[in-house]
Amino acid sequence: MKEFAALYLELDATTRTLDKIAALKRYLQKSEPADAAWAVFFLTGRTLPKVVGSGRLRQWAAQEAGIEPWLFQECYDAVGDLAETIALILPPPTQRREEPLRWWVETMLEPLRDRDEEEKCRAVIEAWRSLDASERFVWNKLLTGAFRVGVARRLVVRALAETLAIAPDVMEHRLMGPWRPEPEFFTRLTQTEGEEAQTAARVRPYPFCLAHALETASALLASPLGRNDPVGLIQAALGPVDQWVAEWKWDGIRGQWIKRQGVHALWTRGEELVTDRYPELAAIADRLPDGLVLDGELLPWRDNRPLAFGVLQTRIGRKHVTKSVLKTAPVIFLAFDLLEWDGEDWRERPLEQRRARLAEVVARVDRAELLRLSPQVEASSWEELALRRAEARQHGAEGLMLKRRGSPYRVGRVKGDWWKWKVDPLTIDAVLVAAQRGSGKRASLYSDQTFAVWDDQGRLVPIAKAYSGLDDHELKEVDAWIRAHARESFGPVRSVEPVLVFELGFEGLQRSSRHKSGVATRFPRILRWRRDKRPEQADNLATLLALLPPEPASPTKAGPVSQTRARVENQPRPALARSRSRIAPPVVRPLFNLDDPEQVEGTEPPRSS
DNA sequence: GTATTTGTCTCGC
DNA sequence: GTCAGACGAATTCGG
DNA sequence: CCGAATTCGTCTGACGCGAGACAAATAC
């Protein structure tokens, strides 16, 4: 435990990736295999079932430290991380105990799951009294079940790969799927032969190939050439269009469907085995040939087209799949790649070869109600493809995927062969009305901001929260402004004078009770600070409501995504949207009367009907 | 003592 | 999913 | 030609939305 805690401190102390890898390698080499295996388990993002809720932990920690709950809460707010707060606040250890990581996990932590509350409390406090501050932090992280700190999976994989002299991509593959940290773990990673290894490999998925965004929007802003000729920009970046295969970018769940040794398995991108969550697919599993791995998208589907993502969401975390859910949210597997055929790894083969074989497989299975081939989007020029992209929402898609002809199926998010070319986001101008402090490195900043638009009563109604999109400098500026113009406090939330205007971008809109406006945005973010606009010039709720997807027969779930843009912009955007120096600071005006509709009439009339 | 609401967590995008 | 920032490696620039 | 400056790719951490599961708190 001491060594593992020291490793954590080392990882936390630097942002340099090479230093992190060096520290990881040192740890892996000097530790007992059983401890190192657990370290890999946690550092690659795996978790044990949670044994104690954070509420209980807070309570026990405050008790043990001898402080009032409110004071503990204050400390927590300041620190921003529960495990760290507890580690810092407790008195020094009284019964120091040095045991390896494996002992703490296997002897102290895992057995707790079946114990009652009182015993858990005793064990947790005993551990706290036995560990020093940094060890406690690790222990707390293990308790809360989330050790996503300091290093991401990829660096651990690199360190492990270098330690065992295995290619990182191969290592990535071997770490996929189910495994338990045991002393033999490392020998199993190096030796793929043997019955045990074969069993483990039976349902093991391949690492997913992920795409990068084709950043047309920012490229347009950055390049004067691009603003006049976006298609030319793409041509310059990607070359001739005939070297690319285009498909729709579907709005479902990425999945890998495996059939090996008579058994089928469905994995999500988050490495969740979800075979039982989608039992309808089992109906055609026996029609799949053995030694097959498909990559594709799990989609809610009816009448020859996808349903909204919200429909699928009702099935994501669901444990009991009822008949009625199968009816309201029927899914299909839309396949777009073939990773394994006849037990052979096909990832190195060119895309077209994989696709051709995939098409044959899908045709032979011949159950279009459950398995389909994701169609190619044909175009003979980038101009034509750009037009097809604009139709994406009509097809229930988010845009296009571009894949280089002849490319292999790669590991992870590698630039060059796969691009996602999403449709442009919807935009709206909204007023900052409230803010809250962030957490972690943003714990001291009012970085968590709520934005509102005008309703027909002339009131500002919240529509979204967003933080991302401002750079550090702007964030600091806004933070200072918020502190100077705060009004009331509602717990940690402070309302502010409605003065600052920001342009928000988002992917879609749906009815929701989350915000007072009755709508919520998907993937909201700040596009730019509209220092040139006064709050009265922000958009109206009516403008926004006009974007809601047409109400389906039952008003429960979201329909297809809207096809309109939030606002028609007659003029090109300022090229220097993010420049701070050229635009005059906003004129601070006296507060206007929120109840007077005259004063809140926007300069841009709502476009609704 | 049971029913309902509220909060927290974990998935997915 | 979104985004900005930090870092390291690769590439270009300038003397 | 070599060191400095710049660009590019990757990695990290801080966050949005909804739904369901589960536990805790509250209402009846």
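Predicted model: local features only at pLDDT ≥ 70, side-chain atom pairs only at ≥ 80, totals over all residues.

**Stop one: DNA strand B**

Start by selecting DNA strand B and the protein residues around it. Colour them by class and you'll get 4 nonpolar, 5 polar and 5 charged residues.

Which part of the strand faces the protein?

Now zoom in on the phosphate oxygens. The side chain of S54 puts a polar atom 2.4 Å from one, and an N or O atom in the T268 side chain also sits 2.4 Å from a phosphate oxygen. At R254, look at the backbone instead: a polar atom there is 3.0 Å from a phosphate oxygen. Switch to cartoon view to see the elements that give two or more residues to this surface, β4 (253-260) and α18 (309-316). The largest share, 3 residues, comes from α18.

**Stop two: R354**

Next, select R354, in helix α20 (residues 351-365). Is R354 buried or exposed? R354 counts as buried because its relative accessibility is 0%.

Show what R354 touches beyond its sequence neighbours within four places: D337, L338, W346, R347, R349, S407, P408 and Y409. Draw a distance from the R354 side chain to S407, whose backbone oxygen lies 3.1 Å from a polar atom of that side chain. Finish with D337, 17 residues from R354 in sequence, with the two C-alphas 6.5 Å apart.

How values were computed: Residues numbered from 1 in each chain as written. Chains lettered and ligands numbered in written order. Heavy atoms only, no water. Polar contact = N/O pair within 3.5 Å; in protein donor to acceptor, adjacent residues only side chain to side chain. Helix = DSSP H or I, 4+ residues; strand = E, 2+ residues; numbered from the N terminus. Nonpolar A, V, L, I, M, F, W, Y, C, P; charged D, E, K, R; others polar. Buried < 20%, exposed > 50% of the residue type's maximum accessible area, 1.4 Å probe, protein only. Contact = heavy atoms within 4.5 Å.
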